[in-house]
Amino acid sequence: MKRLFPILSVITAVLLAYALNQALAIVQIPGVAPTERTMGDVQRIFYYHVPSAWTAFLLFMVNLVASVVYLIRRNPKADAVAVVCAEVGVVFCTIVLVTGPIWARPVWGIWWTWDVRLTTTLVLWLIYVSYLVLRRFSDSAQTPVLAAVLAIFGALDVPLVYFSIWFFRTQHPQPVIGGGGSLDPRMWHVLLINWLAFCCFAFLVCWSRYRLEMLQREVEEAHALESLVGAGAVSAKASMPLNRSPR
Amino acid sequence: MNSIKYLYAAYAATWIIHVFYLTTLVRRYSRLRQQLKDLGKK
Amino acid sequence: MNLWAVTLATLKKDIRLEWRSKDALNSMLFFSLLVVVIFSFSFDPTAEESRQIAGGLVWVGFLFASVVALNQTWARELRNQVLDAYRVSPAPPNSLFLAKALGNFILVTLLEAVMAPLFIVFYNLRAIGPAWQLIPIGVLGTWALVVNGTFFAAVSIRTRSREIMLPLLLFPISIPAVQAMVEATRIILSGDGAARFWIVLLLTYDVVFTTACLGLFGTILHAE
């Protein structure tokens, strides 16, 4: 298991480099993305903007599943998975919200547009940032339950958000960022390869964050145990912070 | 072409954000390791 | 124990207690008034565009006033350890939630009853569309804010900085409801189109989140 991480890191790095090349056409190997007709080379932002969005949504869905599992089973590992996916999801979501306007500006001349996808992404970002703030500000005994409930509320909200903005847009049309219409099959291929690369990258980041989370919990338990020993509630021999069986 | 700037800005921004996040992870990790070591010593 | 009996009893108790010391109520009413006045200074009421944005102004005003009201929802319970008593009592937790939500609904409606006439006066508002539709919009919109607000107030009391935590949690989740309220009000005021979609969306939002709040309040109450 320990060797898997470095091996996966190398594979991911290669994938990312290959995907980057296919997106930017740095080295002209077969399968590189062609230049888009109307938008030009700026359109290549698409190959980073869209996979980041898909990865963020995927992570948020895993967070939802982990939250529900936690509420049903109260398994602390499920809670750890939830917080990990939320945090990494927010990182990817931030990238979507940053690359979106950077793309919109040269193409449409505006920084922002209240189109369905970008606005829904913004609301998702807000919901999950509030999730992370809740986790930080609440007492660690209740945090997992409160956070899991918030995740469920967020999940119920998103379809309503999407629907309401969609209807609003049919009444007040505005430019759509992210492009509509059909895609050249070579572009599809580059898009998917970038998504695969970012999924692997996200997996590795989540894995690292998960290890960090477990370490954090270990330290918290050690602190708690130490204060109990100090108060005389537990004998020093019974508290061995570094010698516990894995949960 | 002027808009190429935006293309590079977007790709750079993506990786800057990722690197920033990974740096915070590394820093938190080393801080926790240090805390654990201190607790073990006591 | 009968859900409705306990709910009504709790609600009556809350109203009685609130009525005895009207301090909190009076300061909230004054705050609502201030919000309307500040908005009137910031967004020129005489301009023609005001009719277009009045829907937004009214509901944002209501939103801020309701946050002030919602923040004190559980204050009394916290002071007297009532929540612990509730946890061990046989009363269904939903009755506590419903009582609080209904109490807040009455309170926020009262605040809106103060603010709405002021908005109408300052902005010379006239409903060009079917004015009666403003009633379901008002009721459904207020309930949308209050039901989630009461729930998140309960979540926030277990956090540091609980006063800021409530709007922080409430606002993102409320976005579709606020958009619906604002759009529907704008349509009625300017007579431009039909508000039916937005009213249905508000109704859907209310049903979804009332169910979620009732379903998950017990979990929150017992989270320890």
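A nonpolar core is a set of buried Ala, Val, Leu, Ile, Met, Phe, Trp, Tyr and Cys residues joined through C-beta atoms within 7 Å. The views below are taken from a predicted model.

**View 1. The largest nonpolar core of the predicted model.** This core has 131 residues. The residues with the most contacts inside it are Ala82(A), Phe92(A), Tyr128(A) and Leu150(A) from chain A, together with Leu169(C), Ala184(C) and Leu202(C) from chain C. Helix H3 of chain A, residues 76-108, gives the largest share of this core, 17 residues.

**View 2. The surroundings of Leu150(A).** Leaving aside residues up to four places away in sequence, Leu150(A) touches Tyr131(A) and Leu134(A) as well as Leu169(C).

**View 3. The contact between chain C and chain A.** Chain C contributes 27 residues to this contact, and chain A contributes 26 residues. On the side of chain C that touches chain A, two or more residues come from each of helix H8 (162-190) and helix H9 (196-221) of chain C. The residues on that side comprise 18 nonpolar, five polar and four charged.

**View 4. The contact between chain A and chain B.** Here 27 residues of chain A meet 21 residues of chain B. On the side of chain A, the elements that give two or more residues are helix H2 (46-73), H3 and helix H6 (185-230) of chain A. That side divides into 15 nonpolar, six polar and six charged residues.

**View 5. Helix H6 of chain C and the residue that follows.** Helix H6(C), residues 93-123, has 31 residues. From its first C-alpha to its last, H6(C) reaches 43 Å, close to the 45 Å expected at 1.5 Å a residue. Asn124(C) follows H6(C) and has a positive phi, near 50°.

Conventions. Residues are numbered from 1 along each chain as its sequence is written. Chains are lettered from A and ligands numbered from 1 in the order in which they are written. This is a predicted model: local features need pLDDT of at least 70, side-chain atom pairs count only at pLDDT 80 or more; totals for chains, interfaces and linings use all residues. Two residues are in contact if their C-beta atoms, placed from the backbone, lie within 7 Å. Helices (H or I, at least four residues) and strands (E, at least two) are DSSP runs, numbered from the N terminus. Ala, Val, Leu, Ile, Met, Phe, Trp, Tyr, Cys and Pro count as nonpolar, Asp, Glu, Lys and Arg as charged, and the others, Gly among them, as polar. A residue is buried if 20 or more other C-beta atoms lie within 10 Å of its own, exposed if 12 or fewer, and partly exposed in between; C-beta atoms are placed from the backbone. The expected span of a helix is 1.5 Å times one less than its number of residues.
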